[in-house]
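Please read the following model with its backbone geometry in mind, chain by chain.

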Amino acid sequence: MSVVYSFFSGWVDRSGASISSRLPRYLMMLSGVIALVLLAASPARADVPNAVPPKGEHQGKHVEQPIEFPHDIHANVNKINCMYCHTYARRSKVAGIPPTSKCMGCHMVIATDKPRIKKLTEYWEKREPPRWKKVHDVPDFVHFTHEKHLKRFVFDNQGMEVDKVSEVCAFCHGEVKKMTVAEKVKPLNMGFCARCHEANKGPFDCWKCHK
Amino acid sequence: MSGNNVNRRDFLKILGWGGVGVAVAGCDRPTTVTLEEGKEEVVAYLQPEEYVIPGVGVWFASTCQQCPAGCAVHGRVREGRVLKMEGNPDSPINYGKLCQMGQAGLQGHYNPDRLKKPLLRKGGTLTEVSWEEAMTQLDQKVGPASGLNGERFAWFTGTVSGHQSVLLSAHLAAVGSKNHFVHEVINDAVARAVNQDMLGEAAPRYLLDQARVVLSFGADFVGTGASPVYFANTYAKFRTATPRGVLIQVEPKMTLTGGSADLWVAIRPGTEGVLALGIAKHLVSQGVDASGLPESLRTLIAGHDADKVSKITGVPPDRIARIAALLKDRSPSLVLAGASAEGHAHGYQSVAAIMLLNVLLGNVGKTIVPSGASQFPQMEAKAGNTRDLLAFADAADKKALDVVFFHGANPVYTAPAALGLAEKIKSIPFKVAFSCFPDETAMSADLVLPILSAHEDWGTHMGVYQPEQKSISIQQPLMEPLYPDTKGFGDLVLTMLKARKAAGFEGFEDYYAYLKSAFAALPDSVKGDAVSDEDFWGKTLQKGIVKVTTVGGSLSAKAVEINLPEFKEDSARPYHLVPSARLGMWDGRHANLPWLQEAPDQISKVVWTSWVEVHPQTAAKLGVKEGDFIKVASEHGAVEAQVYIYKGVHPDVIAVPMGQGHEEYGRYAKGRGVNPLKVLAPVADAKTGELALYATRVTAAHVGRRELLVKLMGNETQLGRKMVATVKADVFNRTEGGKDVA
Amino acid sequence: MKHVSEKDINEEIKWAQINTDILQSLQNPRKAYWVAVAVCIAMLACAVVAEVYQYQNGLGVADLNRPHMWGLYIATFIFWIGMSHSGTLLSAILHIVHADWRKPIYRFAEAMTTFSLMTAGFFPMIHLGRMWNLYWVIPYVTDRGIWPNFRSPLVWDAFAITTYLTSSAVFLFIGMIPDLAICRDNSTGWRKKLYSVLSLGWQGTDRQWRNFRKTYMLMACFLIPLAVSVHSIVSSDFAMSIMPGWHVTSFPPYFVAGALYSGCASIITLFIILRYFFRWEEYMTMAIHEKICKLTFAIAMVWTYLNLVEFGATWYGHDPVAKEVLISKFVGPFAPFFWAMLFFGSVLPFALAFEKSRRNLPWMFVVSLLLNVGMWLERWMIVGPTLSHAYGPESWNFLWPSIVQWAIVFGSFGWFGLLFLIFVKVVPAVSMYEVKEMVFHRRREANPELAAQFHRRITDAQSVTAKPGIEGA
Amino acid sequence: MSLNNILTNWSRYRKGAEEGGFHEYEHQWGMVVDLNKCIGCNACSVACYAENNLPVVGETRYAKSQFMSWMRIERYWDEPDIEPYQATPSANVDVWIETNPPAAKTDVKPSMPGSYAKGLLEPGGQGFEERVGVYATKGEAQDFGASFLPMMCQQCHAATCEPVCPVAATYHTPDGLNAQVYNRCIGSRYCSNNCPYRLRYFNFWSYYEDAWPEPLHMQLNPDLAVRDKGVMEKCTFCVQRIRVAKDEAKMENRKVRDGEFATACVQTCPTGALVFGDMQDPESKVSKLWRFHQVEQGKTKQNKQNKELRGYRILEGLNTDPSVMYLERVREV
């Protein structure tokens with residue numbers, strides 16, 4: 001099997017690729033030089049086995065959320081697994097926002113004096129969940145399922161330990177553990193998906209993703 | 001699924017609009033959905049159940065309220081919205097299937113024209129008021145303090161069953177009234193009467209799948225019968241049995257069932273009884289034993305020789321012979337009577353003559369078996385009829401009513417104009433409508449109370465037609481109420497009962513609590529393996545139905561006297577009007593559902609409007625082509641609609657479908673098509689007092705206008721394309737008989 | 001009769017005379033011209049309004065429906081593509097067969113080719129449901145890695161038409177260079193600038209002439225197969241489908257014949273117009289008119305023959321559905337248009353067969369227009385009936401095209417007219433140098449020793465002066 | 001990539017056609033429609049509206065035949081193509097005298113010009129006479145009831161719609177379905193022209209703008225998109241349900257079980273006339289039925305051992321190779 005490095009797809013297995021799939025990449029080698037500059041700026045390859053992280057950047061903007069949720073404290077400092085809160089990711093196509101009860105599960109006792117937690121407690125006592133703003137979104141004619149992607153990159157992935165799941169999330173969501181509220185730092189457009197599917201031998205049937 | 005109501009309700013809350021907005025594929029223009037960060041809201045649950053997963057639909061059991069059949073359904077709920085209806089596989093009535101009306105129940109629930117606030121008539125016009133005002137009004141007029149005379153109070157409803165029915169009777173008792181008018185246009189009341197007299201049971205079970213030949217006199221059992229989905233399934237069994245069952249349909253206008261008949265016979269309306277006797281004569285002459293019958297009947301039968309019958313009915317002699325032969329050879333057989341046989345002044349006699357064939361052929365006990373009663377008679381369906389409509393009109397005429405409560409019926413629409421019901425109702429001092437929609441009756445009421453839709457409310461139901469395994473099916477909310485200012489019907493009745501201090505209803509804070517306790521009170525025989533009441537309740541909500549045991553039930557065939565009148569032509573009004581009912585529009589209650597408006601009529605394939613079915617011969621006589629507007633006039637009024645020409649009607653018949661011609665009832669129904677019921681002559685069946693729907697004579701005339709008749713089929717024939725290929729039944733029996741292929 | 005011996009062109013004519021006669025067509029326009037321009041713009045405006053309306057509301061406003069997914073847009077598209085074949089026929093085909101009577105009339109014919117292609121090009125876009133995505137039919141590199149479907153005749157169309165448009169435009173331009181030089185030398189002001197740029201510094205040197213002729217011949221040879229293939233490909237939009245009445249083997253030649261037919265008919269139209277307005281009786285002589293009419297008649301007969309072939313093949317063929325479609329053409333909802341097409345296409349051409357009517361120019365003008373109407377109807381009769389009476393009886397239907405469709409079709413003629421009007425005022429509509437060649441040849445035939453003189457002058461290297469090639473230019 | 005996909009699937013189809021097997025497909029969704037059971041009640045059609053976000057177009061647009069019912073039930077008035085039991089009048093004698101006895105329709109005959117003769121160009125443009133049809137008034141069609149025909153996309157394996165799409169918006173999936181990718185479609189409408197069944201529907205308008213007034217739009221199924229104007233659409237065999245079922249199966253590392261799910265029309269059909277399943281699974285109901293009726297895919301003409309079996313595919317002679325098998329209507333005559 002011939003593994004080649006491409007500016008646009010990272011390390012890829014050429015043996016499978018056909019003319020039509022190779023042609024654009026060849027032609028885009030021309031603009032590869034410019035791409036090099038971008039790549040230099042892009043974060044280092046995440047250490048997920050049997051996976052080529054997708055390339056592509058997006059200048060996200062900061063979103064005002066009802067509560068400025070600090071992902072960094074939870075995921076980075078306290079090393080809480082992403083799937084602990086976003087528990088639906090492995091069971092559904094949507095990762096889901098954790099129910100308020102889950103937050104309160106800890107914050108009944110932890111850091112109850114902090115202003116953000118006070119705000120949260122208010123919501124809880126009002127019995128109404130906070131109305132979060134959506135940050136990551138794909139068009140509604142696109143069918144993306146977290147479930148399957150986690151299966152491929154985490155649960156069915158040889159030598160991948162579940163604690164490192166944040167690395168996989170980072171493929172599309174960026175280094176959330178370094179942010180407070182999430183920001184969109186990947187383009188999440190078709191090219192982004194297609195290149196990753198190509199590099200990781202994902203399905204290429206249009207109807208897999210389009211509905 | 002647990003019975004914890006609070007959390008379940010919580011789940012039924014509508015989540016953030018993520019994914020709800022109209023997402024347009026390949027949207028090149030801004031739509032309601034944006035990809036930009038922070039533009040859409042997404043809301044998590046507060047404290048969800050384990051089974052609740054966003055993006056994954058959950059199915060809840062409930063009951064379809066689109067027609068009296070009471071099919072059990074599953075509703076798919078996602079992000080707090082009910083998205084799709086499917087049949088409940090556990091139900092012995094519809095075993096996981098559903099008809100188009102059941103599918104379209106959703107559009108009743110989400111209908112843009114639903115009533116959102118109570119309406120009170122102030123100075124002649126209905127104006128929105130608060131619930132407080134509405135309830136005080138109700139209390140003043142009907143409350144304990146109102147000094148209302150119970151005799152002068154009445155409920156006017158459609159078919160009711162289950163605990164709803166229990167509550168209603170309780171309320172009537174509390175008020176001290178006996179006036180409960182139960183009205184359905186599409187009913188089998190006459191047949192019930194005949195069965196009661198001939199077989200000793202009003203609604204026996206018909207074993208369609210046991211019969212090898214079915215002779216149906218206008219019984220549209222797969223269309224507008226007592227339980228369309230149930231009979232559709234038994235029909236499939238009947239067709240795939242060995243030898244394959246034969247269906248003969250005798251009617252003046254081809255119904256949906258007639259469309260699938262092996263032999264469809266057009267008959268002159270009102271002569272069904274004569275044909276039945278003619279067939280009987282033929283059978284007897286073929287050696288069928290008629291000794292069981294009383295002398296009078298035997299002479300009556302003997303008097304109907306083929307030629308005479310043929311002359312009266314318009315059915316050629318050899319066809320009568322053919323029918324008789326099939327009935328005799330393919331035993332067991334089943335003979336059914338339907339609307340077109342019932343709907344005449346002598347309907348009872350015709351149906352009796354038809355049922356006589358069953359007696360003669362010994363079908364009673366074979367294909368017609370006792371149904372018996374369920375162990376909860378008080379919960380069984382009170383089948384509607386048209387006798388009550390006439391009775392109500394009469395009472396209103398006599399000024400015998402002060403207060404009327406309407407629910408689930410729309411008499412102002414369904415009553416013939418000749419009854420003058422609209423005006424008579426106006427004369428009633430206080431009229432209250434419990435309704436979801438601004439239908440004609442609601443709009444003519446003094447107080448309109450907006451109730452929850454069938455998908456938001458609690459309830460229990462029993463279908464009018466109960467198969468061998470009788471069952472109560474539960475109706476539970478599939479969604480939190482769309483509009484805060486709507487209340488459950490059960491809750492309202494319960495409130496009134498509590499106001500009346502009715503015994504046994506004090507403790508319950510709402511209908512839900514009442515139902516729950518009622519289920520707890522059920523005997524253990526129906527509770528099955530449930531360990532506790534809570535557990536039973538949970539299981540019930542999960543399964544959606546409770547199977548109950550049958551008690552009693554026996555049939556004893558005894559003949560009744562039959563005296564059919566002479567068939568009379570009416571030279572002034574040469575044509576018979578057939579107000580045909582159709583699966584979909586039903587009696588017009590579904591005219592506000594766009595899906596059903598756009599679903600073509602099964603036979604004529606016309607959409608969105610009314611049409612007049614005319615035989616080509618008649619059309620030639622009248623000089624009309626398809627699309628011509630034709631005026632159909634009885635002595636009580638006239639309707640104008642477009643002509644649809646086909647041979648599925650008797651040349652003497654002008655058929656106009658029910659369902660359209662609403663004056664109110666929302667944007668999809670209002671001012672669309674015509675309502676044939678309006679022009680009916682107020683003739684009643686002599687014996688049962690049922691309104692004779694098919695007894696109206698009309699004239700027809702071309703009015704000169706012509707428009708395109710909006711319908712599906714471009715060319716109505718296959719042009720030899722072998723789109724629908726056909727084989728003979730004996731080939732079918734030979735190749736597939738007795739084989740269960742899949 | 002005298003006109004039997006009449007000449008294609010009067011070889012006595014002075015070359016300077018030729019220049020003045022032709023170049024006067026570039027003089028400032030008269031009122032009639034501006035009126036014509038206004039009319040064309042008005043027509044175009046209708047189309048633009050209709051199109052904007054359709055763009056905003058969707059194709060529903062065109063009263064297209066389920067069986068009739070295609071309508072007048074496609075029909076008119078084919079019509080204009082067909083129109084474009086005339087120029088190629090005259091300039092290329094007749095060029096390589098050395099039919100020099102074409103010389104005075106091929107220039108505007110070629111312009112017609114280019115302009116009708118420019119008109120035709122609009123219709124696929126107008127016809128698309130989401131025209132803003134038209135570029136998806138072009139294979140271009142994208143990181144999404146999706147490509148057009150190369151099996152689809154519509155993609156072939158895209159290639160064929162763009163190729164044909166470019167090459168015919170180039171051909172037109174190359175053929176104009178010497179004349180542009182003449183214009184350059186005879187004009188002032190902005191025209192001078194314009195022509196200097198366009199004429200690419202043409203000096204008429206021997207070398208230039210030699211290269212010029214080579215290029216011209218090459219382009220001609222390249223263009224002929226292209227022209228034939230283009231309409232064959234357009235015909236494959238139908239012939240490649242499975243629909244009765246479309247799935248016909250004889251479609252490619254049928255389409256090409258129809259194309260040449262409509263092309264020639266419109267040449268007659270424009271011939272008469274130009275001859276009348278620019279007083280070019282000297283150049284667009286009756287003799288040439290005769291020839292082009294005869295040619296048209298011949299093509300008309302070929303087209304008629306191919307029609308009969310199609311009917312016969314269908315009638316005696318074993319496809320009952322195709323037969324039904326044929327019957328529906330004869331007696332169905334489209335019957336009036338179908339018979340009109342047959343009359344205009346097969347009967348009316350006999351007016352060209354008789355000298356008397358041939359020589360009646362006003363009458364010919366009308367006839368040629370009617371021939372084109374017939375050809376347009378032919379295209380509609382290809383698209384329409386098949387759709388309304390195909391396999392599924394359920395979908396049988398007849399829907400009259402809405403005003404929007406008619407407006408856009410109508411406007412396309414305005415657009416074409418506008419382009420042509422501009423053309424005749426910017427470029428000499430008659431090729432001066434070729435007319436001179438023609439005259440030269442005729443003179444030689446008439447008067448050998450005079451010819452000999454000329455021959456000497458041209459081939460004698462010494463005497464090549466600053467203004468060689470064409471005297472008096 | 002889509003081009004890849006088209007090419008590979010095309011070659012697969014070819015191979016399949018020659019070797020009589022589609023072994024390279026993941027699945028082979030197919031359907032059986034038993035016209036012996038079908039009563040033409042329209043439940044399937046409405047279920048389709050509910051499941052697939054089909055817009056209600058309203059009367060005027062319906063009149064122009066711009067409606068969008070992916071699942072439609074066609075109804076024909078023909079005497080069946082078999083010898084009737086007796087040539088007898090039904091309505092009354094004089095009707096009979098003026099019309100001929102029903103003739104057996106054995107081979108395909110071209111329709112008579114008469115059907116077009118009258119009224120075809122009247123205001124409104126619709127051929128009124130033709131709609132009634134000369135055929136309908138010939139013979140005693142109604143004696144045999146109507147002929148109902150549920151028509152959903154036949155998911156052909158030699159689909160005529162696929163090769164003609166300029167942008168490959170419709171192509172053959174590894175499931176053996178004709179995919180229609182809405183947001184790739186540019187609306188050239190060639191596919192619909194080339195579909196002999198006329199089962200592709202075009203968004204002539206932005207139906208969604210007025211098809212779902214508040215709060216009707218809350219019923220919209222989030223599992224598939226709502227189509228904008230200028231996009232072609234058609235029955236997908238409820239691909240969103242297929243997708244869910246396959247995802248579940250994949251998560252449990254198994255194949256999709258037969259009867260685990262069904263399309264909306266099949267699930268609701270009151271008589272069970274419709275059967276849906278994977279034809280690659282030899283134990284599935286569908287493949288059993290196809291086997292029993294000796295109908296094979298990849299064939300233009302079926303050569304059955306038992307000619308009497310009911311299975312047939314509509315317009316099979318066109319070699320579209322549909323995945324939907326119809327079982328002939330049965331009549332006692």
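In chain B, B:P243 sits in the loop between α7 (228-240) and β12 (246-251), where helices (H or I, at least four residues) and strands (E, at least two) are DSSP runs numbered from the N terminus. This is a predicted model, in which local features need pLDDT of at least 70 and side-chain atom pairs count only at pLDDT 80 or more, while totals for chains, interfaces and linings use all residues. Residues are numbered from 1 along each chain as its sequence is written, chains are lettered from A and ligands numbered from 1 in the order in which they are written, and side-chain values use heavy atoms, with hydrogens and water left out.

Most peptide bonds are trans, and most residues other than glycine have a negative phi. Against that background, the bond from B:T242 to B:P243 is cis, its omega lying near -10°. Further along chain B, the peptide bond joining B:S331 and B:P332 is cis as well, with omega about 0°, and B:P332 belongs to the loop between α12 (317-329) and β14 (333-337).

The remaining sites concern phi. B:Y665, found in the loop between β28 (653-657) and β29 (697-706) of chain B, is a residue other than glycine whose phi is positive, near 85°. With 6% relative accessibility, B:Y665 counts as buried, a term that means under 20% relative accessible area, as against exposed over 50% and partly exposed in between (1.4 Å probe, protein chains only).

In chain D, D:L315 lies in the loop between β10 (311-312) and β11 (324-327); although D:L315 is not a glycine, its phi is positive at about 50°. D:L315 is counted as buried because its relative accessibility is 12%.
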